[in-house]
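Me: I want to learn how to read a two-chain model. Can you take me through it feature by feature?

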Amino acid sequence: MKAYLIRRLATALVLLWVVASVVFFSIYVLPGDPAHVILGGMDANPTPEQLRAVREKLGLDRPAVTRYVEWLTHAIRGDFARSLITDRPVAADLLVRLGRTLQLIVPAITIAVAVGVPTGVFAARRRGTVYDPLASAVTLLGFSVPVFVVGPMLVYVFALWLRVLPSGGYVHPMEQPTAYLTYLVMPALALAAGPMATTMRMARSAVLEQLPLDYVRTARSKGLADPSVLGRHVLRNALLPVLTIVGLQVGAMFAGSVIVEAIFNWPGMNAFLLQAIGVRDYPVIQAIVFTASGLFITINFMTDVGYAVLDPRIRYA
Amino acid sequence: MRLAAPAAIVAVVAAVAALAPAVSRYDPDAIDPAIRAAAPSRAHLLGTDEYGRDITSRLAYGARISLAVSLASVAIALSVGSMVGMTAGYFGGPLELILMRIVDGLLSFPPILLALFVITFLGPSLVNVILVIGLLYVPRFARIAHGATLSVRETEYVQASTALGATHGRTLRRAILPNIAAPLFVQTSLGLGQAILLEAGLSFLGLGAPPPASSWGRMIEQSSRFMSLSPWPVIWPSIVVSATVLAFNLVGDAARDALDPRLRGRA
């Protein structure tokens, strides 16, 4: 077990390093002076003063190697220098924004799992009755209807038509808890829709895979009632692939939250990123991509660990 | 039977995309403020959007964009990815290690973030979107090709090919490639639907083909700001996108079920 964990951890760290390097060297990839790349774009024509300002701020005249090492050592500590535009330290803003994005992701994944798993199990048990194809249809829909369709639809129904929820925005949860919840509901639901469908599908097929196996027959012939069979034996085995999928979904939610934050004006990390891209605030872009990827890698790592914990066979892989 | 409906939808979308100019009665970019957000009528089958542009025509041209992007990007991902995966699996050694580590590295970025990041530098355009989405899917194809190559590598016919003195290229092309084609095909059909989704998402964020291109995602985004005026300009492209992605997913599922029953049920 330990060897496996250490190996996985080493891989994760290597990947983190690769990500950091890619993020750093990306401005050198395009032909031309890095300052120009940062300020440029298809139509922009930066003035010499602007170029000089960017060069100074980012220290581009110093050798790349020095800056690279500096970037690595700082990034690990979470020091991401200052924004090009607002000159505020990036790390502080990033933390706040990240927190807000997590306020979307955590409820969303909770909803997805809390609704998806039981429904999937239910559909598996009721195979052959009318519920199963119904569940499959709902799943397929949730799977294929994109976030940016679910979002506006929710806005239309609840904000414009029924007028019970605000169409977007954010308040601090500590200051106005009830209002905060109204702002949270729709984005969290929109974000949860797809993963909920995928989780349900996975849970259903995972349980279905287990049911014909011998140990289930043994458990039943021992006299165990179905709920016990399910709870004590089947689920432990079925949850494995579900866990992997859930881990993947959390990662996918990073992507989904970009769109959700845009639709609902939720000032999270992804909104921050879109903003920074708009004004070409490179230090911010760098910091966010690195942090998000780091989180992504961490989540994948933890999924692997969870997998190993649940299935002893994996530990020897 | 179950395949008929989705396959039909795919066929219709493809046909509309190919024949867009013929199918559209109006220039998709023709603005006419007098008939803003008009309801469906005989003149405009699906009504007009908030600028008075005919929705049907815009959807038709949008189909072009979606299909072009998804086909091109999946083609890129398939060719590059399977080359990388096959090479890594066949030659093994340090080459395999390096190649697969790069692949893993690509997979460490949350997908849309990587797309955003790249498009920041390259600028939004149709070609860039294709390249980015292609790049995003390379790891998937590479992994599948790699795994499949590993399992095929030790079989007798591959060994026979080498023993007969075939060059590496020949062995790869003749012996290995045909036998790893099945899972690659499955991933291709699944990837098409996902690529459409990704392209629409990027357009929604404003990073896709620049205006006035009427990509479905962009149509939804623009029209969603005027939903209080009329929800229909949002509803039509929403239905079209969802139905198309759904159809592609179902066709992909059917392909997967037909070719590799072991994968059935995997999301």
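Reply: We go from each chain to the interface, then to a single residue. Keep in mind that this is a predicted model.

Me: Start with secondary structure. How many helices and strands does chain A have?

Reply: Count the elements, then read their order. Chain A has 12 helices and 0 strands. Its pattern along the sequence is α-α-α-α-α-α-α-α-α-α-α-α.

Me: What does the secondary structure of chain B come to?

Reply: Chain B comes to 10 helices and 0 strands. Its pattern reads α-α-α-α-α-α-α-α-α-α.

Me: What do the C-alpha atoms span along the principal axes in chain B?

Reply: For chain B the trace spans about 75 × 45 × 30 Å. For chain A the box is roughly 80 × 55 × 35 Å.

Me: Next, burial. What share of the residues of chain A count as buried?

Reply: Burial is read from a neighbour count: the cut-off is 20 or more other C-beta atoms within 10 Å. In chain A, 40% of the 317 residues count as buried. In chain B, 49% of the 267 residues do.

Me: And contacts along the sequence? In chain A, what percentage of contacts between residues at least 6 apart join residues at least 24 apart?

Reply: Set aside the sequence neighbours, then look at the separation. For chain A the figure is 72%. For chain B, residues 24 or more positions apart account for 69% of the contacts with a separation of 6 or more.

Me: Now the interface. How many residues of chain A are in contact with chain B?

Reply: The size of an interface is often given as the accessible area lost when the parts come together. Here we count residues instead. 40 residues of chain A are in contact with 33 residues of chain B. Several elements of chain A give two or more residues to that side, including helix H1 (2-29), helix H8 (177-210), helix H10 (226-263) and helix H12 (282-310). The residues on the side of chain A divide into 32 nonpolar, 7 polar and 1 charged.

Notes. Residues are numbered from 1 along each chain as its sequence is written. Chains are lettered from A and ligands numbered from 1 in the order in which they are written. This is a predicted model: local features need pLDDT of at least 70, side-chain atom pairs count only at pLDDT 80 or more; totals for chains, interfaces and linings use all residues. Two residues are in contact if their C-beta atoms, placed from the backbone, lie within 7 Å. Helices (H or I, at least four residues) and strands (E, at least two) are DSSP runs, numbered from the N terminus. Ala, Val, Leu, Ile, Met, Phe, Trp, Tyr, Cys and Pro count as nonpolar, Asp, Glu, Lys and Arg as charged, and the others, Gly among them, as polar. A residue is buried if 20 or more other C-beta atoms lie within 10 Å of its own, exposed if 12 or fewer, and partly exposed in between; C-beta atoms are placed from the backbone.
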